[in-house]
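Me: Hey, I've got a protein model open and I'm new to this. Can you walk me through it?

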Amino acid sequence: MTRSASARALVAALVCLLALLGLAPAASAAPPNPRSNVSALPRPGIVTNGDVRMWMTSGAPATATTGSGTTVSVIVENTGDTPIDGATLRARVGTRPLDSLAAQQRWEEGKLPLGASASADADVPTIAPGASETVKLSLTSSELDLSYTMATLPLRIELRGAGRPTTRLHSFVSWAAKDATFTRMSASVVVPVTLPNDPKLLTATGEERLEAWRKAIGPGSTIERLITSDPGVPVTWLIDPAVLDPAAAQDGTLPTAEQETTQESPASPSASPTSDGTPSPSESASGSASPSSVGSTESNSSGTSEPSESSESTDSADSGSTSPGTQPSEPAASVDELAANLRDKLAERPGNQSIAFTPYGDPDLSALTSARRPAGSQKILERSLSRPLSSELSELSETVVAAPVAPLDAGSTARLTAAWQKTRGSRPVVLTPNVSLDRTDVAAVTSATRRTTNQVTMVGYNAPLSRTLNDASMSNAEAAASLRASSLAIYQQQPTAERSLVIMGGRETVTVGRLKAIASALEQAPWVQPAALSTEESTSAPVVDLAPQAPPSETVWPRVAAPAFDAGDITTADRTLATLTKMAEIVVDGDDIVPAWTRNLDQVTSTRWRGDPADVDGLVEHASSTVSAIPQQIAVVPSRVNFFSDSGPISVTVKNGLARAVHGIEVNLTPRTYAVRFRSQPDAVDIPGKGQTSVRVPTVAQAAGRVSVDAKVTGPGDVRLGESDKHGAEIEINARPTGTWIFWVLGIVALLVFCYGLVRNRQKGTRRRDELARDIQL
């Protein structure tokens, strides 16, 4: 045997020995074949291995303590075609604590050994294809009799037997001695409430628009269930004002507010399955997971499938639905009514819930302030920041904060601060990931609030804790266990210091079940004190020096996608607004047109479109084509005129297809040949909405023939109106001028009639006198 062969054999023997001892390093191999006998690598949360899916549903008590055991409930689902029979489930709790975030991450990834452990086994009943079973595993207090004051212990759950590869799930058990005392950390939960990325919210009109908004914020919607839920701990709703104060529809007829309300008729009760406020099946609660409920899956970015929320809820309150008495008796008849109903529910929120607003439309502050931002971004940024809250929203809260979806560097923060001060007259309060402030999430900071060297207040949110609120690959129970583990690791950095932490939700709406699971975990962790978020400027907060380059977005939670808009979108939107500005001068009382459309067009740069550039392109093109068609609705009605005279007036009809009245409309007629001449052009006219009017034009026919006449319609400021793509002439005049020949013709006709009468009288002669006498006697 050669020396190299001997070395390879020695390495192989060593690896086998380490594997037997449970100390072998994790291999970076490809995912195993589900049908092979190789054990699947452990993953946190919901684990899929071949035709087996497994996830935690609960752990009790939330924090194990001296004299108490722990019970873990696990759901095993059969996604295959054959029954699962003869399988066993084992829970093993290691005694080596995971007291740092780095150690916990390595454990979740399967890169740390379990070590000495306590275990509990249970037989899994036979599971038919498509069915599932809930299995409970209990470890007694004697098995968890630890000497630690506090610790996070590794938990591994294994499904073995039944001729299938072993399926492993990694989680945590939190431990605290019964006599342990804590200087509690303050923890605040921030939940963004933003519109879904549904283009119909901006592009649709009439009943289609109402239905889109009903799904977004109406009774039974995810947003409505979320804000009417009561997690039981202080929560700050970070709301995009566009949710509660929708802009007018992008309607090419420019309807008035009154017309918009009447045109949007109430939907039938069957229009929405949740119009009565009852929870949808995906968020209805059940006491235990049934085969039908756990079989409902939902794809997620990790490539696994997540059980429906119904399989993770613990009581009927998880649906977040309100009592029947709080629901409107009839479906809302307009978008404004839907928004008003939602504002009323927020006004009745529990006292421990607060509200803060993003700038209108939740602008993508990260992209709009980037050094590589598209041209025109500054104008949109300042316009978005300068838009004030409506009086109805100001009654709910007057707090507006900056919440960039991705970390900001020093340059972006400076640009944001300059725009904020210019438009709002103050420095912003910025919600940002901790990694952008401290370069890491494990820094032992004493306060979530920091300030930059130029006195900008920064509120840092913790990525590991925020992950538990947003990671769809974890079940609710696993998210709660992970939150307790991460928060205890952070606490152990400085156990005696007063600390404050912030947990930030993602722009994708947080589910009610997940929010309640996280709130419950915070409430039951003896080292955490749930508290309201403070957005006050602080002059005593620690000073941080921002890095010149922001950390990668992949290192933070919530996860963010790439910006969706580009310079082309901004340029097209600017052209659209320029056209609208001109049209506003023509429409009677048109001062509301440009602001309403600008609110919609500025949402092209909203955070909610990240990762969906096709939707942004569609929004911009829809707005452009709709606005381009508006001037074409004021035009001359095509007509043919028979003009049998040398001179005189002709009548030209001008129509207004808009729902709004227009004024100062001028018509300029130009004949294509010399046969017709117009002595003057008509005066400017006013046209009612959806109406028409006629103008009289003095005309002179200089020769006979058919004459095509081009009509140029303009408004104040020489704005070109009418159909720009029309190839033919709007008016055709059949000119037949009379001139002197008509008198010669009439004279000849009269002479011929006179001569005919003379000839006829001569032929008959005169009547005799006796005939006349006889006629008289008769």
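This is a predicted model: local features need pLDDT of at least 70, side-chain atom pairs count only at pLDDT 80 or more; totals for chains, interfaces and linings use all residues.

Me: OK, threonine 358: buried or exposed?

Reply: Threonine 358 counts as buried, because its relative accessibility is 2%. You'll find it in the loop between β15 (353-357) and α10 (365-368). Helices (H or I, at least four residues) and strands (E, at least two) are DSSP runs, numbered from the N terminus.

Me: And what is threonine 358 in contact with, leaving aside its neighbours within four places in sequence?

Reply: Threonine 358 is in contact with Leu238, Ile239, Asp240, Pro241, Val400 and Val401. Contact means heavy atoms within 4.5 Å.

Me: What about phenylalanine 357, with the neighbours within four places left out again?

Reply: The list for phenylalanine 357 includes Leu238, Ile239, Pro241, Leu244, Leu389, Val400 and Val401.

Me: Which residues have the most contacts inside the largest nonpolar core?

Reply: Those are Ile217, Trp237, Ile239, Leu244 and Phe357, in a core of 90 residues. The largest share of this core, 7 residues, is from helix α16 (residues 476-491). There's also a second, separate core with 43 residues, among them Met583, Ile687, Val695 and Ala711. A nonpolar core is a set of buried Ala, Val, Leu, Ile, Met, Phe, Trp, Tyr and Cys residues joined through side-chain atoms within 4.5 Å.

Me: Switching topic: how do α15 and α17 cross?

Reply: Helix α15 (residues 463-470) and helix α17 (residues 512-524) have axes that come within 8 Å and cross at roughly 140°. So α15 is oblique to α17. Here axes are lines fitted to C-alpha atoms, for helices over the stretch in contact, and angles run from 0 to 180 degrees between N-to-C directions. Angles under 35 degrees count as roughly parallel, over 145 as roughly antiparallel, 65 to 115 as roughly perpendicular and the rest as oblique.

Me: Which residues meet there?

Reply: From α15 you have Thr468, Leu469 and Asn470, which meet Arg514, Leu515 and Ile518 in α17.

Me: Where are the cis peptide bonds you'd point me to?

Reply: One runs from alanine 60 to proline 61, with omega near -5°. Proline 61 is in the loop between β3 (52-60) and β4 (63-65). Another joins tryptophan 557 and proline 558, with omega about 0°. Proline 558 sits in the loop between β21 (543-544) and α18 (567-584).

Me: What's up with phi at aspartate 362?

Reply: Aspartate 362 has a positive phi of about 50° although it is not a glycine. It is in the loop between β15 and α10, and it is buried, with a relative accessible area of 2%. Aspartate 589 has a positive phi too, near 55°. That residue is in the loop between α18 and α19 (593-602), and is exposed at 65% relative accessible area.

Me: Last one: how many helices and strands does the chain have?

Reply: The protein chain has 22 helices and 31 strands. Of its 778 residues, 50% are buried.

Terms used
Residues are numbered from 1 along each chain as its sequence is written. Side-chain values use heavy atoms; hydrogens and water are left out. Buried means under 20% relative accessible area, exposed over 50%, partly exposed in between (1.4 Å probe, protein chains only).
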